[in-house]
Amino acid sequence: MLIDMIKSSDDMYLYEINDQFFILDPYSQMFWFVKDLEDDSLLSNIDQLKKYNFFKQTKELVIDIKELKEDIKHIVINPTFECNLDCWYCYSRDYHHIDFERISLIDIQRTISYFADYKNKLNSTTPLAVSMFFTSEITLDFSLFKEVERYVNQIKKEYNFDFYLFPASTNLMSLSDEFVDFINEYGYVNVSLDLENKEQIETVLKNISRFDATVVKHCIIPLNSKMINLFSTYSTYMKSFNYVSMRPVRVTPNSKIPWTEKSVSDFKLELVKLIEKLLSLNEEELLDFLYKLGSSDYLARFIDRIISRKRYYKRCLAGKNEIAISPDMNFYPCSGLIGIEKYKIGSMSEGLFSNNITEFKKSKDIFTLECKECPIRYYCGGPCEDWKSKLNIKKIEEINHIECLVNHVYFKNAIFLVSKLCANKRVIISNYAEEKGIENRLSYPLNFEDFVLFFS
Amino acid sequence: MSDKETCGDFEIYKDEENWWVVKDTRDNKIIGKFQKKDDALEKVAVFLQDDEERLESESTC
């Protein structure tokens, strides 16, 4: 009866994970263990907390969020689609064999100046980050990157904001001395590794040693639904890299390894095994593993958000603060959406299309989409339009339930791990939060009865 | 002074002048003094929920 009541409420959610019950307040993002669901006092305890505005939305906040002004913070210039690999999940794979003319250096310079001037008109003081080669392999055209670096260094003094130029991740299949020297000085390298490609694995493990030991090395592994032995995979690459991230691939239903309801369900078991393994490690081993999860790792993403209780209302910056430029000089919200006409939000010759940008924003608005009733909306931030387009979901108001399934699987396993650590090894949570520079907002009693006692 | 009651980083107690005091133990800062205990609890609840501080607009994909 009580379970049914909680389950039917939009304001609180009941989770059962490995025989452990949790109540989640989606607004404050606080959660508590519940020992006995048949306890008669549970209902009155919930009512007691409601008097103090737990399990309630702060409506004014939503309005404030919508009125926030947008600014361009990141542009991604994609001069070509040229690549020396043909990865099955790549979002620009369909374009690799089309002979696009490369954007000239002059056009790249014009593009950077266009967005810098745009920021100037907004009196923006936030930095302008410029990335390159999200749709191609950077090492194949590295001299162009160096030319752009020279240009950015030349113009940045003319503006009241900082500029940052980021090299894209590389597949490390071919390395020039010039690229190695650059990375050794830059101090950071992102490597994208396809675990389905044995030749790439061998090459990457050989080539990564060409960088200085001081270079921070981050391995990004596109995660597919058939991956098994996650702990072993992480551990293998943590030996050669400082950080490892696994992030779900966004692929079509016809791809080599699609995400389906069945495959998400299978993958869930692998994630459960990973969490069990992590909980069996000693404190030092576990912290070492958690520290080495990279910035784009999906498990770390949810662990961090559960600990910090940060309230995400944007899935990402695409189309809001971030613009991708295609080789034919058109603008898109994200490099994954390049070439799809309905997502075009401008071009160098026509400028930015404000109507198309507004429409795109609607597709990500967690306050109007189905997301508004999702218990983990503030942990997730809303749907990924790139993934939605891969599944050919056309309606703005329709969300991608496969992505939701994946996010819920990650959330449940992450909250189980965090709650177990809070109960038995709180020092791990505080050390991890300190190392990652996130605020630990889980210092309250996680036992629901103890928490309510304070407010009684 | 009454016995302290704690909830995570926050504690409340009654001082010598009969005020209900709310303290953040992370920096030992007194957040407020209230005539009624319920108002003090309400203040702790607001800090625990901490809506504005938790807002995050930046996110990677």
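Modeller: Buried means under 20% relative accessible area, exposed means over 50%, and partly exposed is in between. The model is predicted.

Colleague: Is A:Val272 buried, partly exposed or exposed?

Modeller: A:Val272 is found in helix H9 of chain A, residues 261-280. Its relative accessible area is 23%. Buried would need under 20% and exposed over 50%, so A:Val272 is partly exposed.

Colleague: How far apart in space are A:Val272 and A:Met173?

Modeller: In sequence, A:Val272 and A:Met173 are 99 residues apart. From C-alpha to C-alpha, the distance between A:Val272 and A:Met173 is 34 Å.

Colleague: What distance separates the C-alpha atoms of A:Leu421 and A:Leu279?

Modeller: A:Leu421 sits in helix H15 of chain A, residues 401-424, and counts as buried at 3% relative accessibility. A:Leu421 and A:Leu279 are 142 residues apart along the chain. Their C-alpha atoms are separated by 8.1 Å.

Colleague: What radius of gyration does chain A have?

Modeller: Chain A has 17 helices and 14 strands, and its C-alpha trace spans about 70 × 50 × 45 Å along the principal axes. For 456 residues, a compact globule would have a radius of gyration near 23 Å. Chain A agrees with that, at 23 Å.

Colleague: What percentage of the residues in chain A is buried?

Modeller: The count runs over the 456 residues of chain A. A residue is taken as buried when its relative accessible area is under 20%. For chain A the buried part is 57%.

Colleague: How many salt bridges are there over all chains?

Modeller: Side chains of opposite charge can pair when their charged atoms come close. The cut-off here is a side-chain nitrogen of Lys or Arg within 4 Å of a carboxyl oxygen of Asp or Glu. By this rule the count over all chains is 26.

Colleague: With which residue does A:Lys310 form a salt bridge?

Modeller: A:Lys310 lies in the loop between helix H11 (298-308) and strand E10 (311-312) of chain A, and the pair crosses between chains to strand E5 (residues 55-56) of chain B. Both residues of the pair are buried. The closest N and O atoms are 3.9 Å apart, and the partner of A:Lys310 is B:Glu56.

Colleague: Which residue does B:Lys37 pair with in a salt bridge?

Modeller: The closest N and O atoms of this pair are 3.1 Å apart, between B:Lys37 and B:Glu5. The pair links distant parts of the chain, 32 residues apart: B:Lys37 is in helix H1 (residues 37-49) of chain B and B:Glu5 in strand E1 (residues 5-7) of chain B. B:Lys37 has a relative accessible area of 25% and is partly exposed.

Colleague: Which residues are joined with A:Glu439 and A:Arg441 into one network of salt bridges?

Modeller: The side chains of A:Arg441 and A:Glu439 meet in a salt bridge of 3.2 Å, N to O. A:Arg441 counts as buried at 7% relative accessibility, whereas A:Glu439 is partly exposed at 38%. Through salt bridges that share partners, the network also takes in B:Asp9, B:Asp24, B:Arg26 and B:Asp50.

Colleague: Is A:Met329 buried or exposed?

Modeller: A:Met329 lies in the loop between strand E11 (322-325) and strand E12 (330-332) of chain A. A:Met329 has a positive phi of about 65° although it is not a glycine. Its relative accessibility is 12%, and the cut-off for buried is under 20%, so A:Met329 counts as buried.

Colleague: Is A:Asp19 buried or exposed?

Modeller: A:Asp19, which is not a glycine, has a positive phi of about 70°. Its place is the loop between strand E1 (13-17) and strand E2 (20-25) of chain A. At 70% relative accessibility, A:Asp19 counts as exposed.

Colleague: Which residues form a negative surface patch?

Modeller: One of them is A:Glu370, in the loop between helix H12 (354-362) and helix H13 (377-380) of chain A. A:Glu370 is partly exposed, with a relative accessible area of 44%. The patch is formed by A:Asp10, A:Glu370, A:Glu373, A:Glu397 and A:Glu398.

Terms used. Residues numbered from 1 in each chain as written. Chains lettered and ligands numbered in written order. Predicted model: local features only at pLDDT ≥ 70, side-chain atom pairs only at ≥ 80, totals over all residues. Heavy atoms only, no water. Patch = residues over 30% accessible without salt bridge, like charges linked within 9 Å, V, L, I, M, F, W, Y side chains within 5 Å. Areas by Shrake-Rupley, 256 points an atom, 1.4 Å probe, with all protein chains shown as cover. Lys, Arg positive; Asp, Glu negative; His and termini not counted. Charge placed at Lys NZ, Arg CZ, Asp CG, Glu CD. Helix = DSSP H or I, 4+ residues; strand = E, 2+ residues; numbered from the N terminus. Buried < 20%, exposed > 50% of the residue type's maximum accessible area, 1.4 Å probe, protein only. Rg over C-alpha atoms; globule rule 2.2 N^0.38 Å.
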